[in-house]
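Here is a short briefing to read alongside the model. Have the viewer open and follow the points in turn.

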Amino acid sequence: MTSLQTSLEPVMAERLIRGRRAVRAYRPDPVPDTVIAEVFALAAAAPSHSNTQPWSVDVVSAGARQRLGEALVHAAESGKPSPDFPLRPYTGTAAERSFAAGALTHEALGVARDDRAARRRAFLAGLRFYGAPHVALLSVPADADERMTADLGIYAQTLMLAMTAHGIASCPQGVLGFYADAVRSVLGPSTDKLLFGISFGYPEPGAMAAMPDVPRAPLAETTRFHA
Ligand SMILES: Cc1cc2nc3c(=O)[nH]c(=O)nc-3n(C[C@H](O)[C@H](O)[C@H](O)COP(=O)(O)O)c2cc1C
């Protein structure tokens, strides 16, 4: 579609935006190549600072996806994290929100907070893409600044909404950026800096509803209106 659509039914926007949910259980059957091509083409319509389009994307499926999962689990079990962007613990309000979301997610996955073995299993399941048949790894060029990493986030949400519209579930995963050396050992050397990944595929029946409705902060906490 080339013409500008200036008005969309608000209810459709709400269904699309709230219809996306971080999903953590997938059917193994792959998304057809034509559909994958369509959602990634749509994602590239995302805006960016000065149209720099700094996203660099590896879509990994089939045997490569299997090798990548094994390399990530091996790295987690035997090595140190090798993130391209430093991992810093959250503090303050971000830490509180992160803790609350983690508790809800673990509860939905049936993982008790004090069950360290179950938490570890859930962590490793994430490194195996929660069973999703595909994963997109999102990177920026080596010289990227903060603006470009922000553009990558805008791209990611555009991609996930395009997927939602096609009935494809997704889970954005920062953890897929923890072992960048393992990723390069499978996908080949690159000077790009890996930020995070998005696992995707068709959800297991009930997987969408099984995920928690992670609450958002009241608008007044995050947004000020000036006139
Ligand atoms: C950039 C990014 C990284 C994330 N990393 C992870 C992750 O490593 N593992 C995971 O299970 N969920 C991860 N999430 C999912 C968030 O926990 C989730 O989006 C949040 O709790 C809100 O839930 P919702 O997406 O279902 O609305 C990540 C989300 C984003 C946007």
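Which strand supplies the largest share of the shell around the ligand? That is β3 (residues 169-173), which contributes three residues. Please keep in mind that this is a predicted model.

**Ligand shell**
- The ligand is surrounded by 13 residues, and the closest are A22, P172, G174, V175 and V214.
- Sorted by class, the shell holds eight nonpolar, three polar and two charged residues.

**Nonpolar core**
- The largest nonpolar core has 44 residues, of which V135, L137, L138, L159 and I198 touch the most other members.
- At least two residues of this core come from each of α2 (33-43), α3 (62-78), β2 (134-140), α6 (146-165), β3, α7 (180-187) and β4 (193-201).
- The biggest giver is α6, with eight residues.
- Leaving aside residues up to four places away in sequence, I198 touches V135, A136, L138, A156, L159, M160, S170, C171 and P172.

**Helix α6**
- Its buried residues are D151, L152, Y155, A156, L159, M160, L161, A162 and M163.
- The cover over the buried residues of α6 includes α1 (10-19), α2, β2, β3 and β4.
- After α6 comes G167, with a positive phi near 75 degrees.

**Helix α5**
- The same kind of check works for α5 (residues 116-127): at 1.5 Å a residue, its 12 residues should span 16 Å, and its end C-alpha atoms are 17 Å apart, which agrees.
- F129 follows α5 and has a positive phi, near 65 degrees.

Note on methods
Residues numbered from 1 in each chain as written. Predicted model: local features only at pLDDT ≥ 70, side-chain atom pairs only at ≥ 80, totals over all residues. Near = placed C-beta within 6 Å. Helix = DSSP H or I, 4+ residues; strand = E, 2+ residues; numbered from the N terminus. Nonpolar A, V, L, I, M, F, W, Y, C, P; charged D, E, K, R; others polar. Core = buried A, V, L, I, M, F, W, Y, C linked by C-beta atoms within 7 Å. Buried ≥ 20, exposed ≤ 12 C-beta atoms within 10 Å, placed from the backbone. Contact = placed C-beta atoms within 7 Å. Expected span 1.5 Å × (residues − 1).
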